[in-house]
Amino acid sequence: MGDGALAPPRVGAVTDFPVGFVEAGSAFVNHRVRDAEVMTVRGVLELEDRGPFEHHDHESAVSYWMWQGLLRGDGWTATWHGTRPLTGPVELTGYFTSALNIDNPGRVRGRITRVRIISEAYRPVDDSWEVIGGAPAHYRDVQRAPHFHGDDVTATASGMSYRDTAILIDLDLDDVAPPPVRPRVVPGHVSVAGDLTVWVSDTELPVVARIDTRANDAVEYVLPGLPADFRRVYATPTGCWATEPPAVYRITAGEGAYRVADVGAAIAAVSGETLLAHHATRGWTLYAPDRPPLPVDLPDSETIGFPGVDRHTGDFVLLSRAGSTQLRLVRVSTSGEVSVGPVLEQLGRHAWPVLAGTPLRILYGRGQAAIVNDDLTLGPADRLPKEPITGGGVDDDVWIETFRARRDSDDLATQWWPLPPPDDLNTTLPREPRLTILDAATLTPHVSWSVDKPRSVAADGPNVWICDRKRLFRAHRHSSAQPTPIDVSAMITESIPPATGGARADE
């Protein structure tokens, strides 16, 4: 391992190391191959980022999507094809066929039993140093490798000096347990449309799960797409929209997902069945299940934050900035009509808003909050005791995340907010982020929980669903009891492949 290691290895640690070129002896596939033997193997799967291809079986006249990747084990690598995208540690049952080739660099997992620093002999040449050929290297044992090699090279009387150049690590490949198999779904984003149906996207794979909270089971929908880190879901009464950097997808409950746009959307919002999405190359577009995509002509300006939804009218409301200081609210109806409000001088140039709640509020600046009027002006601003880190809407209410409490105020109620101050003034302040549900009308806290880093929050009546650090939690919006983790993978009873016959994209 060379200079600048990000995680210095230490003796006794279990780790994964990159290795050189590995010879791949077989190709693994998880669909039927004639004259091949079925086997079960464990390995680490690296999904290709080229996306799936549509395979047509001429014997059965059936078409289905196929994904590709590399499956790696101890000392071997295989190419993989499958009808469902996978990644990470996996256990697979399928068929092997011969496919000898040379693979690209892989990784090996083991326990570190020894760490040695290698020093090589150098001599000064002009203003630099050169390695002395044939001189033996020196090895010294350490418990932990350094982040960087030092440059202090003191020459001996003969002009020779030993300089640290590399690290030699001994691995025991047998004294480690295999990595745990990756769950079928690793939650990354959650959305609810208010019908006791919860939609959850995977953090990496093009997979979305629909949870039926009444039956306590889930159906998995596979998208015909790429692995992505920023996939979001937007639930509607009849299904769900999914957005990611490469594409936008539509899922109708019980049917295969299909692609509706071949360009991604990083900013979006949903009202009823309609999705408003922003594409970096084509601007804003409205999507609805029963009509073609509808481009929206918005002013030439930059959108700040995510759009909100006026739940009284169903319109989208977003904050736009023209130039460096001119901030305005813009209203977009689900049929595409646009109205632009006046310049909002009170927001200031550094506003990063949360638009949520009923009545619709905008949270901005240092914890300021104001009601959005029908004419896109703002009512008088209130100020929260603490500035939110992030936030969004949960039905008619607003959720915010605030940082751990600090003694930056003489007011005990401000120090402890959103929690009530204790009777004992010597009680230690909580030191973790808090997720709080606020009443949008009064801005008073309904409930607050300790969290790590929530990525999204949604609600269906009394239940609040939280995606936090690749896990899904459920909490009761009127109980301060800590949220309960939900195992989405264990709930899945059916997997629906994506629709075939060509993606129904808008271009």
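## Basis

Residues are numbered from 1 along each chain as its sequence is written, and side-chain values use heavy atoms, with hydrogens and water left out. The model is predicted: local features need pLDDT of at least 70, side-chain atom pairs count only at pLDDT 80 or more, and totals for chains, interfaces and linings use all residues.

## Aromatic pairs

The structure holds two aromatic pairs. Rings of Phe, Tyr and Trp (its six-membered ring) pair if their centres lie within 6.5 Å; planes under 30 degrees apart count as stacked, over 60 as edge-to-face and the rest as tilted. Tryptophan 199 and tyrosine 221 form a tilted pair, 5.6 Å centre to centre with 35° between the planes. Tryptophan 199 lies in strand E13 (residues 197-202) and tyrosine 221 in strand E15 (residues 217-222), so this pair ties together parts that are 22 residues apart in sequence. Helices (H or I, at least four residues) and strands (E, at least two) are DSSP runs, numbered from the N terminus. Both tryptophan 199 and tyrosine 221 are buried; buried means under 20% relative accessible area, exposed over 50% and partly exposed in between (1.4 Å probe, protein chains only).

Tryptophan 241 and tyrosine 287 also form a tilted pair, with 6.1 Å between centres and 45° between the planes. The pair links distant parts of the chain, 46 residues apart: tryptophan 241 is in strand E17 (residues 239-243) and tyrosine 287 in strand E22 (residues 283-288). Tryptophan 241 counts as buried at 2% relative accessibility, and tyrosine 287 is buried with a relative accessible area of 2%.

## Charges over rings

A charge sits over a ring if NZ of Lys or CZ of Arg is within 6 Å of the ring centre and within 35 degrees of the ring normal. The ring of tryptophan 241 has the charged end of arginine 250 over it, 4.8 Å from its centre. Arginine 163 lies over the face of tyrosine 122, at 5.8 Å from the ring centre.

## Second largest pocket

On a 1 Å grid over the protein atoms alone, a pocket is an open set of points where a 1.4 Å probe fits, with protein on both sides within 12 Å along at least five of seven lines; lining residues have an atom within 4 Å of a point. Grid points are joined across faces, edges and corners, and a volume is the space filled by probe spheres set on the points. The second largest pocket holds about 450 Å³ of space.

Its lining has 19 residues, of which Val44, Arg72, Asp74, Arg109 and Pro179 lie nearest the centre. Strands E3 (38-47), E5 (62-73), E7 (88-102) and E8 (107-125) each give two or more residues to the lining, and E3 provides the largest share, four residues.

## Backbone features

The bond from threonine 358 to proline 359 is cis, with omega near 5°, and proline 359 lies in the loop between strand E28 (354-356) and strand E29 (361-364). The bond from tryptophan 417 to proline 418 is cis, with omega near 15°.

Aspartate 395 has a positive phi of about 55° although it is not a glycine. Aspartate 395 is partly exposed, with a relative accessible area of 29%. Leucine 443 has phi near 65° and counts as buried at 10% relative accessibility.
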